[in-house]
Structures are given as structure tokens and as C-alpha cells.
Amino acid sequence: MPYSDRMQKNHLYSVFLAPRGLIRLADLGLQISQQFLSPFDKLIGMVGRAGSGKSMLAKGMFPGLELTNDDTGLNVRPLPLLSAVEDNVGFYSPHTYHVDIHFEAAFTPMHQLADAITEAVGIGKRVVVEHFDLVRPFMDYNAHLLIGIGEELIITRPTLFGPEPQDIADIVHKSLPYRFMSHTAEDLCAHYLREHHELDFTHADVRHGFILSFPHKPEIDLEDLSRYVNDLITQNLPVSYKDDNHILVGDKIHRCTGPRMHAARTGDIQNFSLAQEFVQEPITNRFLLTGMVGKSGHNQIGDLNKIEPM
């Protein structure tokens, strides 16, 4: 009996909060590969909109994987997956191939991509497929491991009874805007703290919001910080990528380690609110500042990660 059947036959799904920084996202990819990936998994399906972090997650899961269409705009041609199938490559070819269906569909018929994936898996290769929900209707079987990324990161091992990639896509596509809003508001707060206080802090995630963590309780006027962020939201400034460590908010440079994961404009941030007191984490004794967007802006802090009843 294959490893995946023995060890993970009862695995329905697991859910993580999707990190915003690229390093944290890659680290989570490594964790996923260690906990959930089987040596017998040949088809890895990934779903999520552009900018959600699928490629960085794949890099974390499969270090050294050649991405055929990355965020720098470098496109590998000819597509290695198609070349491998056409040339009937053997032992000395790569073991793992990558394909971005959304991008490749502009150049190759969907049924040809589906056939190439099937043939590669049939000769023992592993294929990592971004936007797997687009090609699934052209295939006879589901992914061995299916990963969706929006505000949350969902990991599931589909069976004949589902879930289908579109089921996961419907969830993560809907939640992704909250991640973009939260990340943008988080960077506005972080910029204020660096410019006005030169504070040392780390980042953490929460549903529909963010956490800034401090080793000591800082002397900050939280009302002034809240006014600063809401003023930038009112100005509806454009938010754009500058480089791998910075974004532009209007014409000002802000430091950021996930520069492609933002709202297009500050005005897209809905119902931003900032907790007007610090919460001390009882285990680490660090002081936490919480910002929230969307409907969660009206919630109690203890309810942010609440699991809703089915």
C-alpha cells in the first residue's frame, strides 16, 4: 500500500493562515512538504489568483524547482514539460516539472497541456500545476495533493468524493482580497512606526487583519497611528511594486518583503480599525498590536480566528 494511503488516508484538509512576506511563505512551503507531501505524489495542484504566492510556495516545497513563469517575467521556452513528453526523456531528465496553466493556455491548447501532464505522471515524473482548476475539466483524475491559497492556505488530499479544485478555488478567490487589504494596512502602520519611532517589531497573521509584535511595550500614540493610516486610505493612493523589498505608496517608498501581495490602492482597504491597546502574549510576554479590516474591524480580538459552525 502506498505511503500516502497508509499515512494520510484520513486527511480531509488542513488550514493555515497564508503569510504575506516571501520568506515566511517559502518557510511554510517547506513545512507543508515535510508534513503532507508523499514520495508517491506525482501531481501537485495549486489554485489561487495571481499574486497570491503560489510560485513562492512551490519554491519552498521544492527547492531548486525551475519555475516556467516567475514574477520577474522570465518565461522558459520551450516549456520543459512539453519537451519532456515529446522527446520521451528518461533517467537523466528532471524529476519534477512546473507549469502555470493560466499563462501556458495562451500558447498551448488546454487538452494538450492536460495530455502532457498525464503522460509525464505516467512515466513517473512529478508535475506541479499552478491554476490546476483550469485544466482539471480536461483530465480524468484529480491531483494527489491539492493546495489553495487566498487569505488562508488550504491543503487537501482529494478522493473520488472530492473536493474538486474549483471547490477550493471558490473559497480562496473570495478570501484573497482580505489578505491584500490586511497586508497593505499592515505596511502603512509599519511605515509610520519606522519613520516616527524607529521601533523593532515582527509580523504575524490573523484572519482579516495583522499583528505587530514588540519585545517591550512601546510608547505609541495609537490614535495618531490610526488617523495616519485612515488618512492614507482616504487619499486613495496607488500601491505598486518597486523591487523585491519595497513598494511605492503614491510616490513614497515603503519597505516590504511581499511586494506583490497588496491592494491596488489604499482606498481599497475597507473598514480599517486598530486596537487601541496592546495585548500581552502570555507565553512570550511580547506585546501585540492588532489591526483589522472588513467586518472583522468590529469584532473582539478573541473572535478573529474563531471557527464558524457548519
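Colleague: What does the accessible surface of the chain come to, and what percentage of it belongs to carbon and sulfur atoms?

Modeller: This is a predicted model, where local features need pLDDT of at least 70, side-chain atom pairs count only at pLDDT 80 or more, and totals for chains, interfaces and linings use all residues. Residues are numbered from 1 along each chain as its sequence is written, and side-chain values use heavy atoms, with hydrogens and water left out. By the Shrake-Rupley method with a 1.4 Å probe, where only the protein chains shown count as cover for residues, the accessible surface is about 15,700 Å², and the carbon and sulfur part is 53%.

Colleague: Is Val-172 buried or exposed?

Modeller: Val-172 is in helix α8, residues 165-196; helices (H or I, at least four residues) and strands (E, at least two) are DSSP runs numbered from the N terminus. Buried means under 20% relative accessible area, exposed over 50%, and partly exposed in between, with a 1.4 Å probe and protein chains only. The relative accessible area of Val-172 is 0%, so Val-172 is buried.

Colleague: Which residue forms a salt bridge with Asp-205?

Modeller: A salt bridge is a side-chain nitrogen of Lys or Arg within 4 Å of a carboxyl oxygen of Asp or Glu. Here the closest N and O atoms are 3.1 Å apart, and the partner of Asp-205 is Arg-24.

Colleague: How many residues apart in sequence are the parts that this pair ties together?

Modeller: Asp-205 lies in strand β7 and Arg-24 in helix α2, so the parts tied together are apart in sequence by 181 residues.
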